[in-house]
Amino acid sequence: MTSPWTSRTLLPIPNPSRRTLNIGVLAHVDAGKTSLTERLLFDHGAVPELGSVDAGSTRTDSGALERERGITIRASVAAFTAAGRQINLVDTPGHPDFVAEVERALSVLDGAVLVLSAVEGVQAQTRVLMRTLRRLRLPTLLFVNKIDRPGARYDSLLADVRRVLTPCVVPLGGVVGPGTPGARAVPLPLDARAAEALAENDERLLAALVEGRTPSGAELRERLARQTAAGLAYPLWCGSALTGEGTGELAAAIGAFVPPAAGGGEGDAPRGVVFAVERAEGGRATGRKVAYLRLFAGEVRDRQRLTFRRREPGGAEGGFGGRVTGLDVVAAPGRDAGRRLVAGDVARVRGLAEVRVGDRLGDGSGGAGGGAGGPSHFAPPGLETAVRGREPGGEGRLWAALTALADEDPLIQVRRAPDGAVALLLYGAVQREVIGERLRRDFGVDADFGEPRPLYVERPVGVGEALMEMRRTEGNEFWATVGVRVEPGPYGSGVRYVHDVEAGHGPRAYHRAVEETALRALGQGVHGWAVTDCVLTVHRLDFHSPDTVTADFRKVTPMAVLRALADAGTRVHEPCQAVEVELPADAVGDVVGLLAGLGAEVGVAEPRGAVWAVEAEMPVGPLQRLVGALPGLTGGQGALWTRPGTDRPVRGTAPRRARTDGNPLDAVEYLRFLSDRSLSAGAG
């Protein structure tokens, strides 16, 4: 058996002197994670009274919309002290429409608590979250909530966890009287079953068990702590957030099993990640930005000037500088953090007018990565909708409001549609409703949303090349030559840019203009959809001094890129959702037939207790038809969960999206577009 966890990797827990832990609270919707957060804060003296989701009095769900809907929409941070450490709790949304908030939280966490309901059990969103936590090797504790609710279960739920989440779960808490008001959480010893789970990732322990030698409880606990820190084992506790049963043991476990992240010291250059942005003064459009910054190394002080970097949507590097005018370090009651942010801590930073979520201070390394400019851990939005303001002539206000919201959420992008509307990327209907309410409340803009449609992507199917030379032919009226090659990349690789032009050949501004414009041109491929999973190589760049200016390269590069794409050929792919349906046994045939008729690829169909579970992957477009038909087919007993799936080639005629770039494939049309844009800019 090959194991990533051998005796050589049993290293001491890093940075034991660091006092702060940043812990994410994750769960599927309605599992009780916000109630758990409130309980931990109250029991450790961080808040004077216990907040209630039902009463709308929670501290972490501070927005009016969150209180009204009873769901977490934005990640929030609150702190308490336990076992000599400050624990910053990052409460994250559970609804799949707000998975972008979870994405951002992952970039700043030292560990996580994954909450499951003892009643609803393992749900589709639980699987998505757990799969991501396992991939990141983020130290994770499991907490089974609601043990006192009718229908709560323990043994069968633990079996489900081992079957569909991870076999490496180690229960340290059990339940007496589950499903009754008097349910109690009880500690469990580390037994032979726990040793077998730990042996999955420990060759020496496996050898001892094969030889009949049983390690002591203390040795097993030490090995559990080290495997948990490495993201290989998952200890589990039980309790009730409403009554406080078992939550004290969970708080103690956080300090015992989650190590502070490794990183630089205070003497190093500051390095960190902006994982949230909000507006002061109640979130109004006029409010100044407040950035949540997690620091991994160095220190930041009030009035200090900082330089941030960011990855633009097209892939080019950007950045900005600004001076800190206010610094509020998140601190537990009784701790005086002063006006100095040190490694491991989180602060609300003011004065950075250009800041956006995902901006990186220094090289941005550390943490789980998503908000730091690393790879995304969840699928991007798969729907696009047109948004129009109800007020005549209010297009400018609508655009300003939506771009302000996009600053807070890098996965929600906007672009101007040719007909004057604003095209907005979305995850789902709940998110659309929330954005509409925020436009009205925070910006005073009433807007209408069109029906969402799938957001397709294009991938090249071959290798294509194009050369635009300074010959005043083929429509190239610019003093610039650009040669481009496009070829397919591995699935999921995104866009890779290669600049294969001799360094020093021409001013750097020319090279930078070509890179930025080429990457932006990939936002609209041959069929108008964004191009992904490709390698874009610029292999020639020439100019004519003194006639050439930087603008020549910005204008001619899209023509070269689109012609190379046309030469390669592209295939349009449609986004899909993975769906899981629980339903009565007598409805399985009808639902499977409907799924097949909607273009779904049906996978597993199996009994699960008193119901059947059917899993499938289907295009995003017809998903609402499934939602509408399910109650009638199942007598109201069907339940549906969805999560982002993979995409697949479109069957039949490829859909096209109206262009906003003047169509660089048509020289006459493109030149007219550039001329009109120049005239509009001059008039403005």
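1. Helices (H or I, at least four residues) and strands (E, at least two) are DSSP runs, numbered from the N terminus. Counted this way, the secondary structure of the protein chain comes to 16 helices and 35 strands.

2. This is a predicted model, in which local features need pLDDT of at least 70 and side-chain atom pairs count only at pLDDT 80 or more, while totals for chains, interfaces and linings use all residues. Residues are numbered from 1 along each chain as its sequence is written, and side-chain values use heavy atoms, with hydrogens and water left out.

3. On the chain as a whole: buried means under 20% relative accessible area, exposed over 50%, and partly exposed in between (1.4 Å probe, protein chains only). Of the 684 residues of the protein chain, 52% count as buried. The chain exposes about 28,700 Å², and carbon and sulfur atoms supply 50% of this area (Shrake-Rupley method with a 1.4 Å probe; for residues, only the protein chains shown count as cover). Contact means heavy atoms within 4.5 Å. Among contacts between residues at least 6 apart in sequence, 74% join residues at least 24 apart.

4. One sheet can be picked out. Two strands pair if DSSP finds at least two bridges between them. The order S28-S24-S30-S35 describes an open sheet of four strands with mixed pairing. S28 and strand S35 (648-649) are at the edges with a single partner strand each, so one side of each has no neighbour in the sheet. S24 and strand S30 (residues 570-574) run antiparallel and are joined by four bridges; Val 457 has His 573 in S30 as its bridge partner.

5. Aromatic rings come next. Rings of Phe, Tyr and Trp (its six-membered ring) pair if their centres lie within 6.5 Å; planes under 30 degrees apart count as stacked, over 60 as edge-to-face and the rest as tilted. The count by this rule is six aromatic pairs. In one of them, the ring centres of Tyr 456 and Trp 529 are 5.0 Å apart and the planes are at 65 degrees, so this pair is edge-to-face. Tyr 456 is in the loop between strand S23 (453-454) and strand S24 (457-460), and Trp 529 is in the loop between helix H12 (508-521) and strand S28 (530-531), so the pair ties together parts 73 residues apart in sequence. Both Tyr 456 and Trp 529 are buried. Elsewhere, one aromatic cluster is formed by Tyr 510, Phe 543 and Phe 553.

6. Glu 384 is part of strand S19 (residues 383-389) and is buried, at 5% relative accessibility. Polar contacts (a pair of N or O atoms within 3.5 Å; within protein, one must be able to donate a hydrogen and the other to accept it, and residues adjacent in sequence count only if both atoms are side-chain atoms) join its side chain to that of Arg 415 at 3.4 Å and to that of Arg 657 at 2.9 Å. Not counting residues up to four places away in sequence, Glu 384 touches residues including Glu 451, Leu 455 and Trp 529.

7. Thr 166 is in the loop between helix H5 (155-165) and strand S6 (169-171). Thr 166 is buried, with a relative accessible area of 1%. Its side chain reaches the backbone nitrogen of Cys 168 at 3.0 Å.
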